[in-house]
Amino acid sequence: MAAKDIKPAVETVTVKVDGRPVEVPRMTPNWEGKPEPTTVLQACKQVGIEIPHYCYHPKLPVSGNCRMCLVHVAMPGRPGPDGKAPMNDDGSPKVFPMQLPYEPQTPRGVIGCATPLVPGMEIYASSPETKEMREAIMESLLINHPLDCSICDQAGECKLQEYSYDHGQAKSEFEEFKVHKPKAVNLGPRITLDAERCILCTRCIRFTKDIVGDDALGIVNRGSYNTISTYPGESFNNNYTLNTVDICPVGALTSNDFRFQMRVWFLKETKSICTDCGSGCNVLIGSRENKMYRYEPRQNDAVNGHWMCDSGRLNYKWIGREDRLNTIKSPKGAIPWPMVLKEISEHLGSVERGSVAIVASARQTNEELYLLNHLAKHLGATTDSVPRRGKADHLMIVEDRNTNTTGAQLTGITTKRVGSKLSSIAKSIRDGKVKTLIVFGEDVTKYGIDSNLLNNVTLIVSDILPNETTKLADYLLPGCAHAEKRGTFTNVKGRVQKFMKALEPPGDALPEWEVLHELVHNVTGLDGFKSIEGLFNHMAGEVKSFKEAELTWAGLGDLGADVKL
Amino acid sequence: MSFKVTKTIDREANRLVKNYPEKRSASLMVLHAIQEEFGYISKEAEVWAAEKLGLKPINIHELVTFYPMLREHDPGKTVVRVCRTLSCALAGSHKLHGHICDKLGLDKNGHGLQRTRDGKFGVEFAECLASCGTGPVMMCNDDFYEAVSNEASEEILKKYDA
Amino acid sequence: MPSEYKLVLRHVDEAGYTNDIKCYQKHGGYKTMKKVFKLKAKKTKDGTVTPQEVIRKEVLTSGLRGRGGAGFSAGMKWNFVNRKSGKPIYLLCNADESEPGTFKDRQIIHKDPHQLIEGMVIACYANDINLAYIYIRGEFPEGAKILNRAIQEARDAGYLGEGICGTKFNLEIHVHRGAGAYICGEETSLIESLEGKRPYPRIKPPYFPAALGLYMCPTIVNNVETLCNVRHVMEMGGETYAALGTPGNTGTRIVSLSGQVKRPGYYEIEVGKATLGDLIHGEEFGQGLLPGRKLQAIIPGGSSSKVFKAGESFKIKAKDKQGKDVEEKLELLDIPYDFDTLMKCGSMSGSSAIIVIDDSVDIVEALGNLSDFYAHESCGQCTPCREGSLWMAKALKRMRSGQARKADADYLKHIAHNIQGRTICAFGEACAWPVLSFVDKFRDDFVKKGAEDEASLANQQKEEASN
């Protein structure tokens, strides 16, 4: 039968939200991605209505403890003895607003996070009854809260503040003394707990137990005195602890690194990629007045979900280091960009074919590596990168600690065996075959091309921070951190992802792709793009796997696109 | 008594674990066993119990701090628990508690468990002990006493004052 | 005058009756179990009915309702069990007797443990259960020892273990001790506690014990008295059992009577065959109030149930002899002590524990005592109860220390209203109901206290100002 070939349509359920009939899928992925009956909260979200919540998180097991997502609903009547459900006069199924069984005049809510849809049910997401329930929960949550927003780091991104504004009453009946709990507790080396601000939603506990597999946090004491805690004397110290700061809906868990540094509403947010390993976790850079204050993970279910590791998150301080390279160096001393590019272009234009070698870091961007490889082809240059490996963990960190090994391979700068040609490059220098060495972003003295060898070549170096190689450079071109430029990386799984510019580079530093574009144009005549968009789109037409995936800069969106490896 | 892994406690823990399809279930019973032998559940005991049950110490600590009957510190040789809840209160349990505190030199308005200086007694209010028809009731360790008059309480205390 | 009807407590307190297996057997113990084992599969026009189904049918027919507090049909509870999951089914006996005012299970456990075990064996046989636990409150250390001894005796007699009484049926029962937490009486909290976790009640949906209970397996949680009644249902047959008590409120119930009556105690009655007045004043029961005292209030079903005020009367819907709906007026002391009438009167029989409060008692003090209990016992998992239970207790503490306000009556109701119906488990109701009902019914007492304290505060301020 022909019907067999037709993919069955997604099964749907029709319910009413605030009087509006909506059709949503019957099943929705749960926190583990397994399909489960769509809940009231999910259904509302799918039609653009946010049910306020604290403890619910789409990537954590449902706990249902905060009760903020209580909503008043009406349920279709159960079939009577005749097997027929009660009907309205117009033939539609009759619904019955839920009420307390022992007090029929009082409406009863269900928690949106754990209540599966029933066909025909009506969800009163913004009715007075629902609002009253939310107000009550808000009042309860705030009675023992210190209300110290003025000195709280969460201020500005605090769900208590937001929901107070949206669903609170701006007044409390509370007349008693508040419960006092521990403050400024060092939960771990990177996290401080203020137990009085905590609303005991248990997101942090569930995260570390169910996502990280480190059952490190728990609740001690009982009732109103419940307090989040590690085992006394133990430290919350896995490599993912800072995610608990992100998911803490209030100011209970704060990052020692970010604490008291900056009001969040002053921060500019820029979409970027973590450069700490080949995973390419999506991040947001928080910066103000050209200073970076933090990384936060940016949701991308194809890459990092909602999370990132602590080591990656805290690896940004180098960007603002005092000793950043910020002046151009040439044999003639410090000269402006046009002059240095002219000199290098003239030099490369005059070299013998095969007398140039290029070592480019697998932490450079796809565009930069593409341009370097284009140059290499023109000059008949040998190219390679430097491998960088560490221990993979069970979650997000991969063995490959270069951001863009895949990009280096796809653009042709290196091969499957990254760094395998470094020794032959060293030999060629020793033999006098290679007379010019171009180094982007690596200290080659650590990889078998020592200072004696470097003294024998014209050494053109681009880098961000000083090292042995930059010291010996004939031409030193100060480059940019990823946060200071735009571009793309390809992660270990072949996802091409772009990142945006958050900061201005220091001094003379320029994005490497701009410098390379100029140089490559001068030497090879390649042109046709003046922007990163143009460059990317051009590259996407040249690099085989990018071409097959029909990549475009615009098409990458915020979340990137996969290419076949 | 400070905790040490004895043959008895180890054997008892192993026996208890066998009563459940999942080890963790034995937590409460193992903690009871520890408390019975050592009087309270020290940090060392928590860590040992956790290891025995394949858990993290925090998993055990969460229980010890939740259940009022489990003690983190030495509560005294004889723990006197006077029922505080309504039926016993109506039958005079506050007077009884006050009388016992007076006799033992403790503050009857003090909060939580109070220990005598010599460590012989710990006195506290307990919530309903489920013998509301014979209030006021109290327990001395595992022994249960009902309809306790002030005078009777003195006799009872004497039994434990060894 | 109605009198006691001893079924579960038939032999308890008889001279010479001991809690060992020999004594139990001498009094007909374990005969019903053996009878049940002999049941054969029956062929009917609808197919074969297994012996297990026969038992379950009998329990359903008996109309037996849970004796723990909710009063839900035991037969229905059993019928909800998912028998097709392929996972083992568990029986948990709830012996966490913690509802203030209740001390009935204590009698069974201490004085007739084998009756409970026999009931459990039958319940397990009926539901294909091979592993059961008795969750006994920590404050019953002696009870735990007695049960353990009884289990060992039953095992030695071949009533527990493998191939019980020559059948292919295996069953192990273990005693699991709580450690002082009222919340563990809530069935999903009990399950979490038994799993070795903090006893936080589970959200329902999805964690209904009948499908996702202990270790996420189908689980039945029954009260001690309920399980004892299972034995009697099977002994006399469901229909005979259903003839005891009143329609819809069948069998017997052990009532715990405490507070200010002459003769507090536990009394087994046919459900609905004695009134509140009988139980308080009857010669066989409470024998009335203490000399010179007047009735002020009755808490009819454990401390969580809504309080009645002396002299209250109720209009309830009933059927007359022709089956027509009529409204009946019912005086407080004429309320038949059953499940349904107490509910119609706005309270409940709960764990069948009556606490009598006479006119010597400060009603604010009495509520304060209960609210302290609930603040102490809230597990703290969900917001309304965690925050609200202590809030109410603090307010009542303030009111009892000379700082009451006239507004506190409404203030207390506001807090309680924030809790009820909004929590994960019924503890929300348990802590809100006393407050709501005490304040509603004794509003004058609360307002009066507030007025007095406010007046004395005003006087103080005046004096201070004039000094």
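**Contacts, burial and interfaces**

Tutor: Leaving out residues up to four places away in sequence, A:Val359 touches A:Asp384, A:Ile425, A:Val439, A:Glu442 and A:Val444. Here two residues are in contact if their C-beta atoms, placed from the backbone, lie within 7 Å. This is a predicted model, in which local features need pLDDT of at least 70, side-chain atom pairs count only at pLDDT 80 or more, and totals for chains, interfaces and linings use all residues. Residues are numbered from 1 along each chain as its sequence is written, while chains are lettered from A and ligands numbered from 1 in the order in which they are written.

Student: Why does A:Val359 count as buried?

Tutor: A residue is buried if 20 or more other C-beta atoms lie within 10 Å of its own, exposed if 12 or fewer, and partly exposed in between. A:Val359 has 28 C-beta neighbours inside 10 Å, and therefore counts as buried. A:Val359 is found in strand S19 (residues 356–360) of chain A; strands (E, at least two residues) and helices (H or I, at least four) are DSSP runs, numbered from the N terminus.

Student: What makes A:Thr227 count as buried?

Tutor: A:Thr227 has 20 C-beta neighbours inside 10 Å, so A:Thr227 counts as buried. A:Thr227 lies in strand S14 (residues 227–229) of chain A.

Student: Which residues is A:Thr227 in contact with, leaving aside neighbours within four places in sequence?

Tutor: They are A:Lys181, A:Pro182, A:Ala195, A:Ile219, A:Val220 and A:Asn221. As for A:Cys198, its C-alpha is 8.0 Å from that of A:Thr227, and the two are 29 residues apart in sequence.

Student: How many residues of chain C are in contact with chain A?

Tutor: In chain C, 29 residues are in contact with 29 residues of chain A. On the chain C side, H14, helix H15 (383–399) and helix H16 (408–419) each give two or more residues. H15(C) gives the most, with eleven residues.

Student: How do the residues of that side of chain C divide?

Tutor: They divide into twelve nonpolar, eleven polar and six charged. Ala, Val, Leu, Ile, Met, Phe, Trp, Tyr, Cys and Pro count as nonpolar, Asp, Glu, Lys and Arg as charged, and the others, Gly among them, as polar.
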